[in-house]
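Please read it alongside the sequence and the model.

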Amino acid sequence: MNYLDELVKTVKILRSPEGCPWDREQTHETIRRNMLEEAYEAVEAIDEGNSEHLREELGDVLLQVLLHSQIAEDDGEFNIQDVAK
C-alpha cells in the first residue's frame, strides 16, 4: 500500500465510530477555516521559494481535501475517487 492509500485509510478510521470524537464531529463548515489557512500557508511557501516548506504545506492541504472528501462520503455525496476524477 502506498502513502496516499494509507492516508485515506487513516482519515476514514479517524471519522469512524472507533476513531477520534473530534474528527467525527467535524463538518465542511467547521473545518472551512482550516482549508483556507493551509492554502494560504502553501502560497506563502511558494512566495518564499522554500520547497521543503511547500512540501509540508501541500501535505496539509491534501489532508484537508481528504477530510472534506471523507465527510462528503459519510454524507453519501461523493468520495475521494470522485474528486480525483
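Which residues make up the largest nonpolar core? The largest nonpolar core has 6 residues, namely Val11, Ile31, Leu66, Leu67, Ile71 and Ile80, where a nonpolar core is a set of buried Ala, Val, Leu, Ile, Met, Phe, Trp, Tyr and Cys residues joined through side-chain atoms within 4.5 Å. The largest share of this core, 3 residues, comes from H4.

The model is predicted, so local features need pLDDT of at least 70 and side-chain atom pairs count only at pLDDT 80 or more, whereas totals for chains, interfaces and linings use all residues. Residues are numbered from 1 along each chain as its sequence is written, and side-chain values use heavy atoms, with hydrogens and water left out.

**Overall fold**
- The protein chain has 5 helices and 0 strands, these being DSSP runs numbered from the N terminus (helices H or I, at least four residues; strands E, at least two).
- Buried residues make up 25% of the 85 residues, where buried means under 20% relative accessible area, exposed over 50% and partly exposed in between (1.4 Å probe, protein chains only).
- The C-alpha trace spans about 40 × 30 × 25 Å along its principal axes.

**Helix H3**
- The 17 residues of H3 (residues 32–48) should span 24 Å at 1.5 Å a residue, and the end C-alpha atoms are 25 Å apart, which agrees; the expected span is 1.5 Å times one less than the number of residues.
- Glu38, Ala42 and Ala45 are buried in H3, and they cover an arc of only 60 degrees around the axis, which puts them on the same side of H3; the arc is that of the directions from the helix axis to the C-beta atoms.
- On the other side of H3, Arg32, Arg33, Tyr40 and Asp47 are exposed, while the cover of its buried residues includes helix H4 (51–74).

**Salt bridges**
- There are 3 salt bridges, each a side-chain nitrogen of Lys or Arg within 4 Å of a carboxyl oxygen of Asp or Glu.
- Glu73 and Lys12 meet through their side chains in a salt bridge (3.0 Å, N to O); Glu73 lies in helix H4 and Lys12 in helix H1 (residues 3–15), so the pair ties together parts that are 61 residues apart in sequence.
- Asp74 and Arg15 likewise meet in a salt bridge (2.9 Å, N to O); Asp74 lies in H4 and Arg15 in H1, so this pair ties together parts that are 59 residues apart in sequence.
- Arg15 counts as buried at 12% relative accessibility, whereas Asp74 is partly exposed at 40%.

Notes: Contact = heavy atoms within 4.5 Å.
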